[in-house]
Amino acid sequence: KLRTGGARSISGGPFFSESPVKLVLVAACALVDADRRVLIAQRPEGKQLAGLWEFPGGKVEPGERPEETLIRELHEELGITVKEACLAPLTFASHTYETFQLLMPLWICKRWEGQVIQKEHQALKWVRPNKLRDYAMPPADEPLIPPLVDLLGG
Ligand code: C5P
């Protein structure tokens with residue numbers, strides 16, 4: 001079941017303006033623990049969207065597949081080792097910012113190696129899916145919540 005939640009119409013949007021719009025692909029992951037809580041991470045000071053809570057992940061670099069991006073980013077940001085076979089795609093979000101169009105697929109991961117440690121974020125939190133709304137998120141991340149609640153329950 002594929003759901004986009006906050007899908008937006010692009011008619012009349014930047015795709016039809018004079019200047020080309022940059023497309024940024026960000027791979028994101030909902031780590032799910034044994035209590036069916038999901039990990040969210042608070043973006044660091046000094047970065048765009050600082051202080052907002054996001055699903056871990058990052059920008060897909062040229063030549064990378066998004067799954068490779070996630071494995072790399074989850075190791076860099078959280079110190080864990082994830083096997084590609086443990087990544088299950090769930091849905092995707094998109095958001096039009098001033099200067100770029102963000103496309104953000106979300107994977108689910110229930111198994112990894114190592115302890116989750118805070119390496120790059122301000123804070124980490126394990127949250128029940130129906131409590132995710134209590135945390136201020138970037139606009140692209142918010143539409144990912146309902147599919148998570150559907151999948152994992154409240
Ligand atoms: O994380 P990073 O800053 O590399 O992501 C690139 C851009 O994608 C950010 O500047 C932000 O605008 C956007 N982004 C987002 N939601 C996320 C992660 C990134 O909107 N969860």
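Analyst: A polar contact is a pair of N or O atoms within 3.5 Å; within protein, one must be able to donate a hydrogen and the other to accept it, and residues adjacent in sequence count only if both atoms are side-chain atoms. A polar side-chain atom of Y97 lies 2.6 Å from an oxygen atom of the ligand. For R43 the corresponding distance to a ligand oxygen atom is 2.9 Å, and for K47 it is 3.4 Å. Of the 440 Å² of accessible area that the ligand has on its own, the protein covers 89% (Shrake-Rupley method, 1.4 Å probe; for residues, only the protein chains shown count as cover). The ligand is surrounded by 13 residues, the closest being R43, Q48, Y97, L102 and D141 (a heavy atom within 4 Å).

The model is predicted: local features need pLDDT of at least 70, side-chain atom pairs count only at pLDDT 80 or more, and totals for chains, interfaces and linings use all residues. Residues are numbered from 1 along each chain as its sequence is written, and side-chain values use heavy atoms, leaving out hydrogens and water.

Turning to the sheet, 4 strands form an open, mixed arrangement in the order β4-β1-β6-β5 (strands are DSSP runs of E, at least two residues, numbered from the N terminus; two pair if DSSP finds at least two bridges between them). Its edge strands, β4 (57-59) and β5 (87-96), each pair on one side only. Strands β1 (residues 22-31) and β6 (residues 100-109) run parallel and are joined by 8 bridges, with L25 opposite L103 in β6.
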